[in-house]
Amino acid sequence: MATLCIDTATEFGTVVVVREDGASASVRWRSKGRHGENLFGHIDAALAEVGASRDELSLVGVDIGPGRFTSLRVGLGTAKGLAYGLGLPIVGVSSLRLLARAIDAGPSDVRVPVMNAYRGDVFAAAYRVGQDAVEELASPLFGSPAEVFQRIRDAAGGRPLILGGEGVAPHAALAETTLGVELDDAQRSLESPTPESIVAEVRYVYRVAGASDLDSLEPDYLRPSDAKLPKEPLKIDTPV
């Protein structure tokens, strides 16, 4: 039996397949809004590399956000379709927690994953990640970097902070000033979760919380949609 993990929350996509004997295969790619065109191909490639078929899957894990609207829907829709069609349990996991697990830090350090939320805003959170537990010090946040970093600093309470994610480099100077940190190359260069961090979080959530409800599992966008209805109904002239 094997576990399939899907992460398409951002332009960086990752598919991981892990068998019960520990054998694993992963595919990572960068896509400008075209995850839907190649996701199944990447899934089949990872399955083939590890020597497994879809019928051998026993669990599906999927990143539910925050992240890009379309990318999240593509990944979640694919995962739910596979889980439904194969009769498998599904686990929805947080983008920020996946990223936090990829940050190289000790158990006493506060891991701060930072993702681009576009239009200058960021997604971020603060966690301490131990071998058997994850402590959330600041729940997922969305807003301007100045506001979000200030809230992270308050939540950390003076503990050492280690950052990571695609949102670090664009706001490095502000992060160092506000959070009182000195960013190294590793913190600036980590752009997305690793296959190992994705598998670890999926397994952890499944162990402590069980499967998600397939029908009600939805993306966690964390920010309002850019698409808005007009304040007044549009008037359409009908020919007489």
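Reply: Start with S197, which sits in helix α7, residues 195-209. Numbering runs from 1 along each chain as its sequence is written. The model is predicted, so local features need pLDDT of at least 70 and side-chain atom pairs count only at pLDDT 80 or more, while totals for chains, interfaces and linings use all residues; side-chain values use heavy atoms, with hydrogens and water left out. Helices (H or I, at least four residues) and strands (E, at least two) are DSSP runs, numbered from the N terminus.

S197 counts as buried because its relative accessibility is 3%. Buried means under 20% relative accessible area, exposed over 50%, and partly exposed in between (1.4 Å probe, protein chains only).

Now its polar contacts. Such a contact is a pair of N or O atoms within 3.5 Å; within protein, one must be able to donate a hydrogen and the other to accept it, and residues adjacent in sequence count only if both atoms are side-chain atoms. The S197 side chain reaches the backbone oxygen of T194 at 2.9 Å. It also reaches the backbone oxygen of L98, at 3.1 Å. Leaving aside residues up to four places away in sequence, S197 touches L98, R101 and A102. Contact means heavy atoms within 4.5 Å.

Next, the whole helix. Its 15 residues should span 21 Å at 1.5 Å a residue, and the end C-alpha atoms of α7 are 21 Å apart, which agrees. The expected span is 1.5 Å times one less than the number of residues. Buried in α7 are S197, I198, V199, E201, V202, Y204 and V205. An α-helix has 3.6 residues a turn, so residues three or four places apart point the same way. The cover over the buried residues of α7 includes α3 (95-102), β1 (2-7) and β4 (57-65). Just after α7, G210 takes a positive phi of about 80 degrees.

Last, the sheet. An open sheet has 5 strands in the order β3-β2-β1-β4-β5, with mixed pairing. Its edge strands, β3 (24-30) and β5, each pair on one side only. Two strands pair if DSSP finds at least two bridges between them. β1 and β2 pair in the antiparallel sense over 6 bridges. There, C5 stands opposite V16 in β2. Helix α3 packs on this sheet and touches β1, β4 and β5; its direction makes about 70 degrees with that of β5. Axes are lines fitted to C-alpha atoms, for helices over the stretch in contact, and angles run from 0 to 180 degrees between N-to-C directions.
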